[in-house]
Amino acid sequence: MTHILKARPRLLATAVLAALTLPGMAFAQTAKERELEARVAQLEQMVQQLVAQQQQTETVVTEVRTAQAAQPAPAPVVAGTGAAAPIQTTTITPGANPGTKFTVGGMVRVDGLVTKTTDGDIAKGTAGRDFYVPGAIPVGGDGPDTYSDAHVKFSRLWFDASTVLDSGDKLGARIELDFFGGSLGNTAATNTYGATLRHAYLTYNNWLVGQTWSNFMDTNALLDSVDFVGPTDGVVFVRQPQVRYTSGGWAVSVESPETTVQPFGGGARVIAGDNSAIPDVIARYTHKGDWGHVSFAGMARQLKYEPVVGAESTATGFGAQVSGLVKLGDSTDIRYQLSGGDGIGRYIGLATIQQDAMVDSAGDIDALGGWAGYVGLRQVFSPKVRGNLFYARSQWDNEAAWTGMGVTRKVQSMHANMIWSPVPKLDFGVEAIWGERTLESGADGELIRLHTMARYSF
């Protein structure tokens, strides 16, 4: 079009000049020619301006089209709703209720540990080599030893499904796995481990049915540790089947009534062969505020031991707990937990420190009393760096005439860590740990460990 605009004024001028040279019009040729030449010059100037404007317009259009081509195509919209259409047209949970939301998450975690124990080493292939287990600290062994370990067993994968029905009822379910199962290979070549079920439960409005954290465990007061558990000496840490009802700050549950027993005269613990007919009953109340939270819990349980058929013995256990988190400004908080009672040993420290009951000389059981707790300070130094300092302890009232002198009387530990998160969901941590285990005889053993961790959560 540009070349047409440029050519048209010249054709027009030529035609006009030719007309002026016709016979009988010579008298006006000179004046008319000058006027027409002036108009032609004016017309040419206007055409040049139009051509320049057109070229600028074509340049802008080209740039816009190039930029649009570089942008991703907008997501399609569901007609009549204004909402973006899903990437796939069919659900990945065809057997679920309409509108079910299905999510997947987890983490990849790598742990590296260097450990020194004063009284022999912790047996290879046991949990005490993978994280801090105070009940595994050697006492009375063959002197100090130092060793290192590395693993990825705490990597995790979970699946969630949730639905809000047209009636307003809420349904949910969760399955969570890690790889802390038995060894399927060896540390010399494959380092292969089995998948382990952590959580498997369903929810219906205020009800929860299935396996998850015990209601006697305040997960909101757990410490920010590099070690898998952290204050294992004094923390309640149990996952088990249960039925729980929650309303407001209240939660009441009935849970698996497993009993662990310390045999008469000492020896390895015994997990009772036949559970009580009465489940453990636990109630918790939690009060929350801008300052943090405080939580109170109580538990009643029946302990049962039947070493042989017809020789059944029972005892009553009970426990109480206070725990919480107190904020000291925007970047500092204190977290704590204190538990005590008779027959609560299985609930403390992954059931690795003490038992629920002791067996007397007649073969009857008596609930073992004790207390456990921890306190920790968490400090956020910057959006990318935080640190924690905490102390944990538990102590038990053994009847030495029944248990012998080789059972654990107390365990305690100190921890200090730093965690760096260079980008969201990526953590690198290091934790220094000192732990001590003391027997009823007064003999003790110590552990010193440097625990490192790299974790990406998704």
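**Figure 1. Lining of the largest pocket.** The residues that line the largest pocket comprise nine nonpolar, five polar and 10 charged. Here Ala, Val, Leu, Ile, Met, Phe, Trp, Tyr, Cys and Pro are nonpolar, Asp, Glu, Lys and Arg are charged, and the others, Gly among them, are polar. The structure is a predicted model, in which local features need pLDDT of at least 70 and side-chain atom pairs count only at pLDDT 80 or more, while totals for chains, interfaces and linings use all residues. Residues are numbered from 1 along each chain as its sequence is written, and side-chain values use heavy atoms, with hydrogens and water left out. The largest pocket holds about 640 Å³ of space. R156, L222, L223, F228 and R455 are the closest to its centre among the 24 lining residues. Two or more lining residues come from each of β1 (101-117), β4 (170-178), β5 (196-204) and β6 (207-213); β5 gives the most, with three. A pocket is an open set of points on a 1 Å grid over the protein atoms alone, where a 1.4 Å probe fits, with protein on both sides within 12 Å along at least five of seven lines; lining residues have an atom within 4 Å of a point. Grid points are joined across faces, edges and corners, and the volume is the space filled by probe spheres set on them.

**Figure 2. The largest nonpolar core around F216.** Of its 29 residues, F216, F237, Y347 and I348 touch the most other members. β12 (292-305), β17 (369-382) and β18 (385-396) each give two or more residues to this core, and β18 gives the most, with three. Leaving aside residues up to four places away in sequence, F216 touches residues including V236, I282, M299 and Y347 (contact: heavy atoms within 4.5 Å). A core is a set of buried Ala, Val, Leu, Ile, Met, Phe, Trp, Tyr and Cys residues joined through side-chain atoms within 4.5 Å, buried being under 20% relative accessible area with a 1.4 Å probe, protein chains only.

**Figure 3. The open four-stranded sheet.** The strand order is β10-β9-β15-β16, with mixed pairing. β10 (270-271) and β16 (365-367) are the edge strands, each with a single partner, so one side of each has no neighbour in the sheet. Strands β9 (260-262) and β15 (357-359) run parallel and are joined by two bridges; Q262 stands opposite M358 in β15. Strands are DSSP E runs of at least two residues, numbered from the N terminus, and two strands pair if DSSP finds at least two bridges between them.

**Figure 4. Antiparallel partners of β21.** β21 (444-457) is joined to β1 by 11 bridges, with G112 opposite T452. β20 (426-439) is joined to β21 by 13 bridges.

Terms used:
Buried < 20%, exposed > 50% of the residue type's maximum accessible area, 1.4 Å probe, protein only.
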